[in-house]
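Have the model open beside you, try each task by yourself, and then walk through the solution.

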Amino acid sequence: MEKKRVKYKTDFGMKNTSALTGTIMVFLLFSILSDDFLTVYNISNVLKNCAVLLIASMGTTMAILLGSNDISVGSVMSLGGIITAMLIKGGADPALAAAAGLAAGLGAGLINGILIVYFQANFWVATFAMYSIAQGIALILSDGNGIAGFPGGFRFLGTGKVFGVYFIILLAAALLALMYVLLNKTRFGGYIYAIGESERIAGITGIPTGKVKLLVFTLSGLCAGTAGILLAAKTNVAMPSGGAGYEFDAIAAVIIGGTSLDGGKGSVLGTAVGVFLITVIRNGLTVMGLSSVFHYLVIGLIIMAVIVVDVLQIQLRENRKESDARECK
Amino acid sequence: MNGKPDAEAAVSGWICSWKQDGNSGVHDMKECQAILEMNHIYKQYSGITVLEDVTFRAYPGEVQVLLGANGAGKSTLMNIVSGVTACDRGRIYIGDREVCIRSAADAAREGIAMIHQELSLFQERSVYQNIFMGNERMKKNLPFWTDSKRMEEESRKVLEEMGFAINPGETVKNLSIAQQQIVEIAKAVWKRADILIMDEPTSSLTEAEVARLFCLIRRLKEQGCAIIYISHKLDELFRIGDRITVLFQGKVCLEESMKQVTKEQLVKSMSGKEVQRVKKVSCALPQEALRAVNLNGRRFRDCSFYVKKGEIVALTGMVGAGRSELVKAIFGADALRSGDIYLFGKRVSGRPSPSASIAGRIGFLPEERKQQGLIMGMDVGKNIVQADLPRLFPKRILSRKKERETARTFAGEVMYTQGIQRLPEKLSGGNQQKVVLAKWLCTDSDLLIFDEPTKGIDAAARAEIYQQILDLAGKGKGILLVSSDPAEVLQLSDRVYVMREGKICKELARSELTANKIVASEL
């Protein structure tokens, strides 16, 4: 007695499409409410603003899929930006300076990973410590002051165009594709999902759980470093707390994108949708003339809505399953 | 995966095989070289001896059965082979090479695959991803890119070869438990392991599926695979087994060729020789403490039984028969779908919940003492009064003095002498159990449910707990005892219910109790 439900996979591993539906609805709403929203200038601005958050939240997606989290993302972004900016100001080659910024991000992530894997630290505690440490170093190095004004070559990263599209958008899209492949097509990606679902089973299956976790946190730091450098290039200024709050937006994007905080379930494409939704709301509210003080409230409400919709969907599915089981009897 | 022995090793192996043949004399000469040999294995868990001087062998092309009651040490022994735990003492040989297995990956390298009793599949991943987890196939020209098409194809082939039609692309959570068990088996089979351990592989398979599995086992045998087969279903063992090792309380008590043993012999050796009936006077009173009528829940169905005041009623059966789920549901800690519960003659209205059960004077001593019985970070005194706070402090303001006094009173009642300021994690299992018991005496429970009360407790403390249970019954309290240990059941109980596959299949009065009878009805 086998009933097979044939289902074709068109959702690219995104288990719920409610975030996508929500984004389209919000997008349409703003288009109707404001004349300035749906313009080429504004949309490319939205996408440009997406890029930095998207790159930062890719690392967060990996950490959350693993069943952990990384709250040091924002400070590590600040640190990466500050180091790069200071080296450029000190006369270093911009490419070399950016490499140093990336190395700082990578190093911060690696330390997170070592604490969590080899010292068995709780991921909240480890990344919380790093949150404070990275912020502290950024403040000490910059003496609390922002560093503004970069040479054109470096600014190209944030504001340059290739074939009429902002380079930063192309870069984010390329990294998104790379992350999609990493999570869905490689061994490493499969292991992240597996560990996220059950570290115990992963262990007895022979998956090198320690190595995978170490690499995830290192990559998360690298993503944050990259995002920090791009943020500096885009705004032409590196603030010692420029990345502050990005960890919140990144986690919000991951949750809105349908990735489970329990780990093992979700998709980086969902995160991309979440990033887009958050940016559209920020942008739309600004375009409509609402001050930024409302942004946090609205984003919080949306996360709540996502939670409620998710729970309702799960209940619906379970009710259906139970009635199916009763029919079978 | 299979290390080819060099010429020298082959010769010494041949000699070794002669010697072995001379010793045991059970098997014929051509395939007497054991592929797995575990010599004098010892293992202790927190001071309790689980394995004592166990020597165990498995031979290529044969099914080696491992039998024993719950807690006899089978799983521990197999966990040692598969790298989940390490042994304290003893040597393990694969072929004639001494090996050191520290992890699951080590075991895989030595050609050992284990099918765990508890399903260890990733529910959110697909069938083929589970089958190839840790051994992914990669694309030829893109070595970092997993070749899902090829894995899906190979999985389909393996499953078909095994004789089962399961869509390898399906997500595991959508499969039935039986199908999941087959995937679990496929995970081990495709690796062409030299040694395949199956821990209760048939627990949720139908008869037809079991037949197909046995077909597969016979084929694997022909290919020279050594199979270690753990099951409680005796009929099955006679159908598929070649040799048998029986463990009793961590020691090997029988090692035979399957053809030489009878069912009666196995039952006898499983229940242990030293078990004797103890004289016991029943203190059962005419009033009922608990009556359950047609209870249905997560892993039990249509269960009806009763416990009188002052009576000790044992609920026995194999692990997974649904005993713990049943008693937890009565206490309100597990789901109860339907059925009626009467407490001291009164029907319980509404769903049972722990707080209602405490008010209704039920005490529950769970099997997982450390997780569910005690709050490990809180001192003994606080643990004792924990369940009775509403009654002790009706104004909701705690008084340290009253708390200490109450805790001391009940600590004295269970003869706990370690001081109430200590933390439970520093105590022995026996003392921990006393604290849990004190907690329920504090709430004035008249019906006590003991779930495996002596699990992980040494002999001296065990005797003390038995005496306490008997005393409690003497004071007119109803006792429901969940136990897998036939000796314990014999010693304590006035009446026994045997559960099998979620149902109460037998009721035995004290006059008809023998260890063999209990074990035989469980199987």
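Axes here are lines fitted to C-alpha atoms, for helices over the stretch in contact, and angles run from 0 to 180 degrees between N-to-C directions. Helices (H or I, at least four residues) and strands (E, at least two) are DSSP runs, numbered from the N terminus. Residues count from 1 along each chain as its sequence is written, while chains are lettered from A and ligands numbered from 1 in the order in which they are written. The model is predicted: local features need pLDDT of at least 70, side-chain atom pairs count only at pLDDT 80 or more, and totals for chains, interfaces and linings use all residues.

**Exercise 1. Find the angle at which helix 7 and helix 12 of chain A pack, and classify the residues of their contact.**

Step 1. Helix 12 of chain A spans residues 268-287, and its axis lies 9 Å from that of helix 7 of chain A, at an angle of about 145 degrees.

Step 2. Two residues are in contact if their C-beta atoms, placed from the backbone, lie within 7 Å. By that rule L176(A), M179(A), Y180(A) and L183(A) of helix 7 meet V268(A), L269(A) and A272(A) of helix 12.

Step 3. For the classes, Ala, Val, Leu, Ile, Met, Phe, Trp, Tyr, Cys and Pro count as nonpolar, Asp, Glu, Lys and Arg as charged, and the others, Gly among them, as polar. The contact has 7 nonpolar residues, no polar and no charged ones.

**Exercise 2. Describe how helix 8 of chain A lies against helix 7 and helix 10 of chain A.**

Step 1. Begin with helix 7 (residues 167-185): its axis and that of helix 8 come within 5 Å and cross at roughly 70 degrees. Angles under 35 degrees count as roughly parallel, over 145 as roughly antiparallel, 65 to 115 as roughly perpendicular and the rest as oblique. Helix 7 and helix 8 of chain A are therefore roughly perpendicular.

Step 2. On the helix 7 side the contact holds L182(A), L183(A), N184(A) and K185(A), and on the helix 8 side F188(A), G189(A) and I192(A). These divide into 4 nonpolar, 2 polar and 1 charged.

Step 3. Turn to helix 10 (residues 209-235): the axes of helix 8 (residues 187-197) and helix 10 come within 10 Å and cross at roughly 105 degrees. This pair, too, is roughly perpendicular.

Step 4. Here F188(A), Y191(A), I192(A) and I195(A) of helix 8 meet T209(A), V212(A), L215(A) and V216(A) of helix 10. The classes are 7 nonpolar, 1 polar and no charged.

**Exercise 3. Work out the four-stranded sheet of chain B and say which helix packs on it.**

Step 1. Two strands pair if DSSP finds at least two bridges between them. The strand order of this open sheet is 12-11-14-15, with antiparallel pairing.

Step 2. Strand 12 (303-308) and strand 15 (346-347) of chain B each have a single partner strand, so one side of each is left without a neighbour in the sheet.

Step 3. Helix 10 (residues 323-331) of chain B packs on the sheet and touches strand 11 (288-297), strand 12 and strand 14; its direction makes about 115 degrees with that of strand 11.

Step 4. Strands 11 and 12 of chain B are joined by 5 bridges, and L290(B) stands opposite V307(B). The two form a hairpin with 5 residues between them, where D302(B) in the turn has a positive phi of about 50 degrees.

Step 5. Strand 14 (residues 336-343) and strand 15 of chain B share 2 bridges, with R347(B) as the bridge partner of Y342(B).

**Exercise 4. Give the strand order of the six-stranded sheet of chain B and name its edges.**

Step 1. The order of this open sheet is 16-17-18-13-19-20, with mixed pairing.

Step 2. Strand 16 (362-365) and strand 20 (503-509) of chain B stand at the edges, each with a single partner strand. Neighbouring strands are turned by 20 degrees against each other on average, direction ignored.

Step 3. Strand 13 (residues 312-317) and strand 18 (residues 478-482) of chain B run parallel and are joined by 4 bridges; L315(B) has V482(B) as its bridge partner.

**Exercise 5. Characterise the side of chain B that touches chain A.**

Step 1. The contact takes in 16 residues of chain B and 16 residues of chain A.

Step 2. Helix 3 (residues 104-109) of chain B gives the most to the chain B side, with 3 residues. That side divides into 8 nonpolar, 5 polar and 3 charged residues.
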